[in-house]
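Hi,

Here is the structure I promised to pass on.

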Amino acid sequence: MAFLSELFAFLYQAGDAFAFLVLAACGLAIVFGMMGVINLAHGEFILCGAYVCATATRLGMPLPLSVLLGALVAGIVGMILERLVIRHLYHRPLDTIVATWGISMIATQGTLIVLGSTLPGTGTPLGSFTLGDYSFSQYRLVLIGTALATLVGLYLLFTRTRFGILARATIQMPHMAQALGINTGLVYSLTFGLGAGLAGLAGGLYAPTMTLVPTMGSAFLVEAFVTVVVGGADIFLGTAPAAAILGVIKAALTSWYGQLAGQIGLLLTAIVVIRVMPRGLSGWLLRERG
Amino acid sequence: MNKILTPIMMGMGLLGLNSPLMAEESIKLGVLEDQSGDFAVATIGKVHGIQLATEEINADGGIDGRPLELVIYDTQSDNTRYQEFMRRVLQRDKVDAVFAGFSSASREAYRPIVDQFKGLAFYNNQYEGGVCDANMIVTGAVPEQQFSTLIPYMMEKYGKRVYTIAADYNFGQISAEWVRDIVKENGGEMVGEEFIPLGVSQFSQTIQNIQRVQPDFIVTLLVGTAQSSYYEQAMSANLRLPMASSVNVGQGYEHKRFNPPSLANMYVTTNYIEEVDTPASKAFLEKWHQKFPDEPYVNQEAENSYLAVYLYKQMVERAGSTDHDAIRKVIAEGDVCMDAPEGKVCIDPKSQHMSHTIYLARVGEDHSITFPKVWKNIKPYWLGDAGCDLTQSNPATQYTPSNPPSKN
């Protein structure tokens, strides 16, 4: 029993780290993998989702709906930004980095000026359960479940729906897609909106567990980028396995020697992976096809 | 008006006539505090405290008849900004004194610049102690005031097995060393210590590490808004151990920001928080809310900053100038004291730190504050006892318990 409870405790921690990495990274991975845009304002879409979710919850909306509302608002804001700024900078990756970084700073400082230095939290829903020597938060299990559901949902979206096929066609051969009558501008817009919406989803889901401040997006950013760098451009062959591997590494090291070791392990893995597999896990898995 | 007066004043100056008009020149105070970034929650109130005190002093005729003028920069919770702006206020704005800094990392980043340009900086923040530097005046509380009171109290009440989680930089590391020493002195045992990099917001594994060893209480020395996510997460994992801290509540008013009961059973030693129930504190709070009606919380750092302006006024008036050596001579007299909102405070000439009334604040299940104990007039004795004496020499160094001043 003691062994089982230790095993469960480890799996729970690895799963928790996995969920955080997947949810933090998948929006970034879609925008980067499908559009080649490195979105430094990713953290601010997370912020947007978190603030909308917390505000809606405080106004009496049930949490699941608030989370979805947060994702929706972040997605719409993302689409507007794509129209206004990002669209004009396709094929200029360095310029996009500067532009999205600027957007990120404006959003953080704007939030501070308009909404103040902090927003009251809503409290984590659900309770806790005990197994062996440890007690666990039930909400964290919901997060793990949601991370997996998000991956499945995205897989179905890109392989089984008309939008998924049009999106993949547009990303692979934009001119051919255009010639076949696909509104590629709209597809880009929707894809960016999807990425922003996923960031908003992460923000909404983690809002009840975190301090709500204008800089909260930066807490996700390092982990998100490490996961995308390790994973490479493909979300299913890259982000998901990368998050699983990093989750296990992080949980094991943190349990052994504390948070610092966990952070070091995460960054060391990223360095080793880009040295050995410059195009990340998915680039390596797809090397035959490439 | 000024255009006409200035040449006249200059002429009088040339003639050697030290007229009273000359005295109208303002005294400039540099203010470098984090008004954005990770620390802003705890530090915007410091700027407000300085503004409030300045307004009161100016309405009352200024310092020795000279108005006080503030030069304020937002240091953005960024150490390099501190260095930039410290150079700017000392070299370009030529301020008479600087009020600067929240995190100990930022203080140690700017301190060499203050020393280089012979500036005079007030650090109005509680910290890990040990700065023995004639160019610094510290009005915040230090470990012998916060930990020597708090840790023995907690050990007596809850038990001797202690677990520390601390922010991983000079503040957390040195504070944890103090806790370790005090726990050992009192016959207790450190069952765990974990240092958390700044900016970390996910604590599941840390919570589990704590559960594994079952301490009697936890010392939480977490800094910044990302790290304060810990309480909510510990609560939802049903980790409900008593907590002790020198930084929570009194700085980031977590008991107001988070839903009860995530901070229940947190004990904090602080030299001021707005719940302090004395007539002086109430009057102070009323003045504050008149000027800043939307202030979310008045914390210990806000009070430190407010009273520091008055201490500076007293020192300049007694010295008869803003000259730093003259000011230090006044400090050396050993009676630079004032009645602050927290109670009476005095500057210790040896270390240029300040004595405090230390309130033990306990957070209840509903996040209300009670004060089970108050220690009056706790002196910042450690530096002086260890051998720092700024009236004799200026080592401009930060000492720690494991690295004390060398005794000849």
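What is the area buried between chain B and chain A, and what share of it do carbon and sulfur atoms give? About 2,900 Å², with 48% from carbon and sulfur; buried area here is the accessible area (1.4 Å probe) that two parts lose on being put together, summed over both.

Before the rest, some housekeeping. This is a predicted model, where local features need pLDDT of at least 70 and side-chain atom pairs count only at pLDDT 80 or more, while totals for chains, interfaces and linings use all residues. Residues are numbered from 1 along each chain as its sequence is written, chains are lettered from A and ligands numbered from 1 in the order in which they are written, and side-chain values use heavy atoms, with hydrogens and water left out.

**Chain B against chain A**

The contact (heavy atoms within 4.5 Å) takes 37 residues from chain B and 39 from chain A. On the chain B side, B:Gln202, B:Gln205 and B:Gln208 lose the most area to chain A, together 21% of what that side buries. Helix α7(B) gives the most to the side of chain B that touches chain A, with 7 residues. Helices (H or I, at least four residues) and strands (E, at least two) are DSSP runs, numbered from the N terminus.

**The two domains of chain B**

Chain B splits into domain 1 (24-142 + 279-357 + 379-398) and domain 2 (144-270), with bounds from an automatic or database domain assignment. Their C-alpha centres lie 28 Å apart, and the contact takes 32 residues from domain 1 of chain B and 26 from domain 2 of chain B. About 2,300 Å² is buried between these domains, 52% of it from carbon and sulfur atoms. Between them the count is 0 salt bridges and 16 residue pairs in polar contact (both at pLDDT 80 or more). The largest share of the domain 1 side, 4 residues, comes from α4(B).

**Cores**

The largest nonpolar core has 143 residues, and B:Tyr230 and B:Tyr312 have the most contacts inside it. Such a core is a set of buried Ala, Val, Leu, Ile, Met, Phe, Trp, Tyr and Cys residues joined through side-chain atoms within 4.5 Å; buried means under 20% relative accessible area, exposed over 50%, partly exposed in between (1.4 Å probe, protein chains only). Helix α1 (residues 2-35) of chain A supplies the largest share of this core, 15 residues. Both domains of chain B give residues to this core, so it lies between them. Apart from it lies another core, of 41 residues, with B:Phe39 and B:Ala244 among them.

**Around B:Thr322**

B:Thr322 is found in the loop between α12 and α13 of chain B and is buried, at 16% relative accessible area. Its side chain makes a polar contact with that of B:Asp96 (3.3 Å). Leaving out residues up to four places away in sequence, B:Tyr312 touches B:Thr322, B:Asp96 and B:Ile327, among others. At the start of α13(B), a side-chain oxygen of B:Asp323 reaches to within 3.3 Å of the backbone nitrogen of B:Asp325. Just after that helix, B:Gly334 takes a positive phi of about 80°.

**Salt bridges**

Over all chains there are 20.

- B:Arg107 and B:Glu128 meet at 3.1 Å, N to O, and both are buried.
- B:Asp277 and B:Lys282 have their closest N and O atoms 2.8 Å apart, and both are exposed.
- A:Asp95 and A:Arg92 meet at 2.7 Å, N to O; A:Asp95 is partly exposed at 33%, as is A:Arg92 at 42%.

B:Arg107 and B:Glu128 also belong to a salt-bridge network that includes B:Glu108, B:Arg111 and B:Asp133.

Cheers

Note on methods. A salt bridge is a side-chain nitrogen of Lys or Arg within 4 Å of a carboxyl oxygen of Asp or Glu. A polar contact is a pair of N or O atoms within 3.5 Å; within protein, one must be able to donate a hydrogen and the other to accept it, and residues adjacent in sequence count only if both atoms are side-chain atoms.
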